[in-house]
Amino acid sequence: MPRRHELTDQHWNAIKDLLPGKEGDPGVTAKDNRLFVNAIFFVAKTGIPWRDLPERFGHWHRVFQRYNRWCKKGVFTRIFDVLRDPDLELLMLDSTVIRAHQHSAGQKHSTPEQEQLGRSRGGVSTKIHVAVDGLGKPTKIFLSPGQDHDVTKAPELIRDSQADKVIADKAYDSDALIAQIETQGATPVIPPRENRTEPRNYDHEDYKKRNVVERFINVLKQCRRVATRYEKTARNFLGFVLFASTLVGLN
C-alpha cells in the first residue's frame, strides 16, 4: 500500500519502462527511480518547496537537480506522448490561468516571454492550454503567457487531430479556427460570440459535454505545484503539468 502522495503500482507499472536509467540504458542504472518519481509526485501534489522535501526521498538538492535534468531532456514530454491514447470521436479545448508565485520570477539570461510569464487580470501568470478527448484524457498541452487569448494555441491543439467533433466555448469562436476544424473533416461545436453579425448554428446537446475538459482541469489543479507556478523556467513548470496530466490520464 503506497503512502499518501506516492505512486500506485498501476501508475508505476505504466511509466517505469519509459524512464531513464533503467537496466539496458546507456550509463549508470538507477536503483531508486520509483523513489525519485515519488519525490516528484510528493512535491507536485503538496506544493512544498524543494528544500522541505522529506528526508526519506534523499537530499532535496540532488532530487531537484535530477528533476531539472529530466526536464531538459524532455522525459516528461516523452512519457506524455507515449501514453496518450486519444478517443477519436470528440476533442475538447480549454485553458486556465495559473498565478505565478514571486519565486518564479528572476530567471537569468531569459525574458518573461521566453518563460511564458505575462500579466493578466490576477497579476503575473502563465496560461495552460489543454485538449482532451471524450473520455477526459489529455491529448495535447501547451503553455503561454497569462495574457494570451485562449484561441492563440488552438491551432496547435487541434493540429493532426482525427476527432469527429471539436468542442470549445465562445472564446474559440474564430473564423480561422472554424475553417481549420472543417478542413480537418471535423464539426465545430463552438457557440458564436455575441458580436457576430451572422451567428452560427451549433449542436447544443454536444456542447453540454464540454464539462469534461473543465473537470480535467479541476483534477489537474489538485496538484498544488500546478495550481500555483513556483518554477522559474517554463520547462520545469511544464514538467509538473505533464507529469500530473499523465497520472490523470492513467486513472
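**Entry 1: salt bridges**

I began with a definition: a salt bridge is counted when a side-chain nitrogen of Lys or Arg lies within 4 Å of a carboxyl oxygen of Asp or Glu. Before searching, I noted that this is a predicted model, in which local features need pLDDT of at least 70 and side-chain atom pairs count only at pLDDT 80 or more, while totals for chains, interfaces and linings use all residues. I also noted that residues are numbered from 1 along each chain as its sequence is written, and that side-chain values use heavy atoms, with hydrogens and water left out.

I searched the whole structure and found 17 salt bridges. I looked up one of them, in which the side chains of aspartate 150 and lysine 127 meet with N to O at 2.8 Å. Aspartate 150 lies in the loop between strand S4 (138-145) and helix H5 (154-158), whereas lysine 127 lies in strand S3 (residues 123-133), so this pair ties together parts that are 23 residues apart in sequence. Here helices (H or I, at least four residues) and strands (E, at least two) are DSSP runs, numbered from the N terminus.

Are these two partners buried or exposed? I used the rule that buried means under 20% relative accessible area, exposed means over 50%, and partly exposed is in between, with a 1.4 Å probe and protein chains only. Aspartate 150 counts as buried at 13% relative accessibility, and lysine 127 counts as buried at 7%.

I then turned to arginine 210, whose side chain meets that of aspartate 169 in a salt bridge of 3.7 Å, N to O. Arginine 210 lies in the loop between helix H7 (204-207) and helix H8 (211-220), and aspartate 169 lies in the loop between strand S5 (165-167) and helix H6 (175-183), so the pair ties together parts that are 41 residues apart in sequence. Arginine 210 is buried at 10% relative accessibility, and aspartate 169 is buried too, with a relative accessible area of 16%.

Arginine 210 also forms a salt bridge with glutamate 214, where the closest N and O atoms are 2.6 Å apart; glutamate 214 counts as partly exposed, at 33% relative accessibility. I also found one network, made by salt bridges that share partners, which joins Asp173, Asp175, Arg193, Arg196 and Arg200.

**Entry 2: cysteines**

How many disulfides does the structure hold? Taking a disulfide as a pair of cysteine sulfur atoms within 2.5 Å, I found zero. Cysteine 71 is in no disulfide, and the nearest cysteine sulfur, that of cysteine 223, is 14 Å away. That distance is too far for a bond. Cysteine 71 is buried, with a relative accessible area of 9%, and cysteine 223 counts as buried at 6% relative accessibility.

**Entry 3: nonpolar cores**

I took a nonpolar core to be a set of buried Ala, Val, Leu, Ile, Met, Phe, Trp, Tyr and Cys residues joined through side-chain atoms within 4.5 Å. The largest one has 51 residues, of which Val37 and Ile128 touch the most other members. Helix H10 (residues 234-250) gives the most to this core, with ten residues. Leaving out residues up to four places away in sequence, I listed Leu7, Trp12, Ile15, Leu19, Trp70 and Phe243 as touching valine 37, where contact means heavy atoms within 4.5 Å. A second, separate core has 15 residues, among them Ala131, Val166, Tyr172 and Ala186.

In H3, the buried residues are Val63, Arg66, Tyr67, Asn68, Trp70 and Cys71, and what covers them includes helix H2 (33-46), helix H4 (75-83) and H10. Glycine 74, which follows H3, has a positive phi near 75°. H10 is mostly covered, with 14 of its 17 residues buried.

**Entry 4: strand S3**

S3 is mostly covered as well, since ten of its eleven residues are buried. Two strands pair if DSSP finds at least two bridges between them. S3 runs antiparallel to strand S1 (residues 90-100), with nine bridges, and histidine 129 in S3 is the bridge partner of serine 95. Seven bridges pair S3 with S4, also in the antiparallel sense; these two strands form a hairpin with four residues between them, and glycine 136 in the turn has a positive phi of about 80°.
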